[in-house]
Amino acid sequence: MNTNVNKFVIKKRRKKLIKRIVLGLFVFIIGIIIFIYKAPIFNLKKINITGLVTISNESLQEKLKYNLGQNIFTLDYNKIEKELKANPYVQDVIIKKKGISTINISVVENKIAFYLISNNKIKAINNEGIIVEELDDLGDRKLTKLSGVDVSDKTVGSKIVDGNELPKVLDTFYKMIEVIPEEFKISEINILDLNNIICYIGNVEIILGDSLGLIDKVNIALNLIEQGTITKGYIDLSLEGRPVIKQS
């Protein structure tokens, strides 16, 4: 009889202990959650944005600055993504937490890196050679000027020229624009004749000829400019052999 009573008492004590442990864990977890959601060390202090080509970092930082100081775990990441995608130059957004007070935002841009001026209007051009936007000014957009084409009768959605060659040329230039340092930015590309493409870096005119080996030709020109071989004038890379350099 006493054995059964002892077993009952032990079992009851064990249940009470388990309940206390469970309750303690529950209180501890609630405390941790409250701490995470309320402690200032989890407030957003920094936003890192990568993947930008034609959009300025400053403009996106300004757009998102209201998030600074908010809890990193309660931020509305869907809202941030939606706001960024409202920009026609943004194709996709990936947001990741970094540590306890920083988020990293990786932006994939739509390939809109060029513009033409016509009738005092700026027409933004994508890699397909299609007008995607008409602007009064460039604002914070870092676009490269195209010249040599008349688009006075073209509207949004129109191709600036017919054919398949121009999209290949623009796509190749876009790949270079992605990686060329700001100080050596290609400021203008003349596409009047795709067999005699000309671009400009600073005060240097670069005569490239046709579209074959565009990246290699521009790399040669960049090296010459970076080394100080030429600061003003032209580099002719349209013919086989050594480039023709004319300093002026």
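Colleague: Which residues in α4 meet L214, I215 and V218 in α5?

Modeller: This is a predicted model, and the two helices concerned are α4, residues 165–179, and α5, residues 214–226. By class, their contact has six nonpolar, one polar and no charged residues. The residues that α4 brings to L214, I215 and V218 are V169, T172, F173 and M176.

Colleague: Is α4 parallel, perpendicular or oblique to α5?

Modeller: The axes of α4 and α5 come within 10 Å and cross at roughly 40 degrees. Angles under 35 degrees would count as roughly parallel, and those from 65 to 115 as roughly perpendicular. The crossing of α4 with α5 is right-handed, and the angle of roughly 40 degrees therefore makes α4, relative to α5, oblique.

Colleague: Which element of the chain has the highest mean pLDDT?

Modeller: For the chain as a whole the mean pLDDT is 89, with 94% of its residues at 70 or more. Among the elements, helix α1, residues 2–38, has the lowest mean, 70, while the highest, 97, belongs to residues 197–201, that is, to strand β9.

Colleague: Is Y200 buried, exposed or partly exposed?

Modeller: Y200 lies in strand β9 and, leaving aside residues up to four places away in sequence, touches K185, I186, S187, E188 and E205. Its relative accessible area is 23%, whereas buried would require under 20% and exposed over 50%. Y200 is therefore partly exposed.

Notes:
Residues are numbered from 1 along each chain as its sequence is written. This is a predicted model: local features need pLDDT of at least 70, side-chain atom pairs count only at pLDDT 80 or more; totals for chains, interfaces and linings use all residues. Side-chain values use heavy atoms; hydrogens and water are left out. Axes are lines fitted to C-alpha atoms, for helices over the stretch in contact, and angles run from 0 to 180 degrees between N-to-C directions. Helices (H or I, at least four residues) and strands (E, at least two) are DSSP runs, numbered from the N terminus. Angles under 35 degrees count as roughly parallel, over 145 as roughly antiparallel, 65 to 115 as roughly perpendicular and the rest as oblique. A crossing is left-handed if the near helix is turned anticlockwise from the far one by less than a right angle, and right-handed if clockwise. Contact means heavy atoms within 4.5 Å. Ala, Val, Leu, Ile, Met, Phe, Trp, Tyr, Cys and Pro count as nonpolar, Asp, Glu, Lys and Arg as charged, and the others, Gly among them, as polar. pLDDT is the predictor's confidence in each residue, from 0 to 100. Buried means under 20% relative accessible area, exposed over 50%, partly exposed in between (1.4 Å probe, protein chains only).
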